[in-house]
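Please examine the sequence and the model shown below. The paragraphs that follow lead through a few of the features computed from it.

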Amino acid sequence: IPGISGTAIYINLGWYDEILQMFGNLYMFEFLKIIPFSFGIIISTVIITKLIENLLIRHEKIFYSFISAFVIVSLVMLLK
């Protein structure tokens, strides 16, 4: 969804530094941390895809308005 980035979500959850450290240090790459992270990405992608599909089928006009609002707010925030 435009206006909602993974980085913003990680910062709000307080995980951004942990993820940067996990991928930033290639010599100490921790597979035990990346496995649950990868599963989370896959599961959330499937769930969000199904959610968006259902919203587009059932509430097309409202959902497009919602997406448009995110795009407009993102542009306003960039211009500040």
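Is E53 buried, partly exposed or exposed? The model is a predicted one, and in it E53 has a relative accessible area of 39%. Residues count as buried under 20% and as exposed over 50%, so E53 falls in between and is partly exposed.

E53 is found in helix 3, which spans residues 31-58. Its side chain meets that of K50 in a salt bridge, with a distance of 4.0 Å from N to O. Side chains of opposite charge can pair when their charged atoms come close. K50 and E53 are three residues apart in helix 3, and therefore about one helical turn separates them. K50 is likewise partly exposed, because its relative accessibility is 48%. A search of the whole structure finds one salt bridge.

Helix 3 also contains I42.

The relation of helix 3 to another helix can be considered next. Helix 2 comprises residues 16-24, and its axis comes within 10 Å of the axis of helix 3. The two axes cross at roughly 120 degrees, so helix 2 and helix 3 are oblique to each other. The crossing in which helix 2 passes helix 3 is left-handed.

Along the chain, E53 and W15 are 38 residues apart, and their C-alpha atoms are separated by 28 Å.

Notes
Residues numbered from 1 in each chain as written. Predicted model: local features only at pLDDT ≥ 70, side-chain atom pairs only at ≥ 80, totals over all residues. Heavy atoms only, no water. Helix = DSSP H or I, 4+ residues; strand = E, 2+ residues; numbered from the N terminus. Axes fitted to C-alpha atoms, helices over the stretch in contact; angles between N-to-C directions. Parallel < 35°, antiparallel > 145°, perpendicular 65-115°, else oblique. Left-handed = near helix turned anticlockwise from the far one by under 90°. Buried < 20%, exposed > 50% of the residue type's maximum accessible area, 1.4 Å probe, protein only.
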